[in-house]
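I am opening a notebook on a structure that is new to me.

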Amino acid sequence: MQTNALPDVAAGGIDQRYTINQNSGENVQNYRYLADGGWRKDRGWEPLIKYPPSGFTLSAAELIVARSPCRFLAVWSRHGGSEEYYIQERAGVLSYTYGNVGNAGTAEVVLATGRHLPRVDEPGTQLVPYGRFALLLNGTNEMFKWWGRAKLEPFGFILPTPTPYCVGVQVDYQTFEGTAYGDPINNNLRDIAVQFLPGEYLGLGEPLKGSINAYSYRQSYITDTGSESPVSAPANVSWTLYTDTNAPGATAEQRILLANANERKYGVMVQGLEPGPDGTVARRIYRTKNKKDGLTGAGDVYYFVCQINDNTTRNYLDCIPDNELVNAAPTFADSVTISNGFKYGAAWNGAMWLAGGDATPTRIIYSVQGLPEQFPAFNYFDVGVRDGGHITAVVPYYDVLLVFREKAIDAVFTNANGDGFTCTTVNQSIGTIATNTIRLVPGVGVMFLNFDGVYLITGGLRGGASITVTKVSAKFEKELSRISKNSLCRATAVYSDREKEWWCHFPVDGQTENTRGVVFAPAVNEFSLRSAAYPESPENDWRFTQLAADRSGHIVIGTLPSLTSTNLAPGMGLQVWTARQNSGDSMPYTVFQTVATVLYTGAVAPIGVWQSGWEDFGDDTIKKRVLTVDIETITEGNNEVELFWASDYSSEFVSAGTVAPKIGDYLNGIGPAQDATLTSGANLATWNVSKYQDHKVTRLRWDVNTGQVSHFAFRLQSANKHTLIRYKIMYVGGTVKTPNTKMPGAKS
């Protein structure tokens, strides 16, 4: 009997096509690819903030939040990583979590409550870092600038700037040679008379008898980002100096004295300088020069007068002469009010970009560079003139800003002169509504999920290059065909530099919550899956509603605790992907008088599955008998791995038993033997007893003895930690070709 062996092949990623690569797996689940080669099953998740060891209690309100799905999750670092915030949103409560509680009663800081609950077709809250603050927006609630800690301020200028008013100038009140002169009958002191002699430098207006003087004022706000609000509507003031004949009720002598006495320049009192919204650090006042009678004076051109560097002062006395006004005021087009209805944002090229929303679904606006809250009237694009649907995201990608739409992708880039922007379409047929899956994979490009699969954006628009959009999910279309297209907005993704993978979680089979995951390993350009145990168990669905990565690359997970039982599994609050083997925690709770008592214990470990494709050994018409399956793995101690096999496309896999790669972890050490089969003095590697050594590559073998088959497949399955590097199949080949006969009972 001649025994044949297929060559050792390195285990690859998932491939669900009818004709697959030799080393690919039809199902690769809950493995991660190692940088030094091989697929390793060694991950699970645990709470980001540890639960109290003896359990804990929740009030009725806290239980509602704990059982609610995480609808927004982001990790934001400030001050070079010295501050790192894990911010999330559940049940309309926006909060962040920190680790070192200290003397505080809780590890959570609530930033806002009563926020909009995103529908199944909405991506929810977005976080846009910009320098020292981050913008929070969702298209419904007020946009916020978040400066870390509990400092939250309104973003942008939503309302017009209030108009100040000017106190009238009273020219009929004056003291002269110790005697009060003025209107002896109707002298009123409601206005002011701050006067300056004609020869003095300060003061406004012409100090000549009978002169007409008129000025207009506007104000604006300056925020802590340096941005300037739209200027207010004008506040007007005017006055006319007396002549020798226009002082009613006065004697001739008094009229002459009064006219002479009022040959003065005046100060103007500007009032109604209302404090601006939170975040306002200064107010600016602008003024025209003397417009006189409107025909012979200056026009309605405004100039900078002063900046009040606080947000409390309400009055300002203006006595700056016209020749001091040299800096022109901003126009109405230099800064305009914006809406809270924008759903998407990005910081790119020094400016803040806002886009989309129910009221402006195809509009993009952008701020002045360096002034993220100041949006000029003509700084916008409207992509609605081209087919492609509504805007669903704006994403910086090196020297361009990608504008994702429902069925197209546009790009904004600086024009040839460098003094403006141009918007063009880079793909007219591919877009996405899965906003939260768009992630930059370093060295690869931008990956995202849409109705048809996973796509990759590469290239650029400089030096004659072009942006290309390529589908990269051909190997697992079978899995992606299950996507709930109407719930695609709920999908989420993250790239972790620590794990070196892009992980996307999405809803399937008509569900509205994410329960399935696909992972891309850039090192080998391969995909694998993450999901419930094999065979699938609905009770163990991975209900991951949000994914994010912290500064160190740890993947943080927002979950949806079970809604069908009194159990907060797969975990309450934020979870983190770690080397802990458990799939979160089992967290049963009981309610007594509106107080829930929660206990917990580690849940079972996720099961790893690597199932080969169907091997026909080069000719499926000749029967073969498979003898053994060998795999190369890493010594891991007594961690058993079970192998199943099937033949000729059968769905029934038969167990070939379990094998444990434990030999390499037995080392000589001090103490009694821990296994009677070992030589005296040999011990398992344990702390403070034996010396440790690096793991070694070893082989595991399963005897299968299939009988005569045309096709063969095997499946490795275990909840234990193990690694798959390569595999080899030993078989005995036949010589007679089998005719293609009809199955029993088949019709002609």
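My entries below go from the whole chain to single pairings.

**Entry: the whole chain**

I note at the outset that this is a predicted model. I looked up the secondary structure and found three helices and 60 strands. The chain has 748 residues, and buried residues make up 53% of them. Next I checked the surface. The accessible surface of the chain comes to about 33300 Å². Carbon and sulfur atoms hold 52% of that surface. I then turned to contacts between residues at least 6 apart in sequence. Of these, 62% join residues at least 24 apart.

**Entry: T125**

Where does T125 sit? I found T125 in the loop between β11 (108-112) and β12 (126-130). Is T125 buried or exposed? Its relative accessibility is 3%, and the cut-off for buried is under 20%, so T125 counts as buried.

I asked which side chains have a polar contact with the side chain of T125. One is E89, at 3.1 Å. Another is R115, at 3.3 Å. I also listed the contacts of T125, leaving aside neighbours within four places in sequence.

Strand β12 belongs to an open sheet of four strands with the order β12-β13-β14-β15. The pairing in this sheet is antiparallel. I found its edge strands to be β12 and β15 (152-154), each pairing on one side only. Neighbouring strands of this sheet are turned by 30° against each other on average, direction ignored.

I then looked at one pair in it. Strand β14 (residues 144-146) runs antiparallel to β15, and three bridges join the two. Which residue of β15 stands opposite K145? I found E153 there.

As a reminder to myself, strands of a sheet pair through backbone hydrogen bonds, either parallel or antiparallel.

**Entry: the sheet with β20 and β24**

I looked up another open sheet of four strands, with the order β21-β20-β24-β25. Its pairing is antiparallel. The edge strands are β21 (235-240) and β25 (302-308), and each pairs on one side only. Here the neighbouring strands are turned by 25° against each other on average, direction ignored.

How many bridges join β20 to β24? I found seven between strand β20 (residues 212-223) and strand β24 (residues 280-288), which run antiparallel. I noted one partner by name: Y221 has R283 in β24 as its bridge partner.

Conventions
Residues are numbered from 1 along each chain as its sequence is written. This is a predicted model: local features need pLDDT of at least 70, side-chain atom pairs count only at pLDDT 80 or more; totals for chains, interfaces and linings use all residues. Side-chain values use heavy atoms; hydrogens and water are left out. Buried means under 20% relative accessible area, exposed over 50%, partly exposed in between (1.4 Å probe, protein chains only). A polar contact is a pair of N or O atoms within 3.5 Å; within protein, one must be able to donate a hydrogen and the other to accept it, and residues adjacent in sequence count only if both atoms are side-chain atoms. Contact means heavy atoms within 4.5 Å. Accessible areas come from the Shrake-Rupley method with a 1.4 Å probe; for residues, only the protein chains shown count as cover. Two strands pair if DSSP finds at least two bridges between them. Axes are lines fitted to C-alpha atoms, for helices over the stretch in contact, and angles run from 0 to 180 degrees between N-to-C directions.
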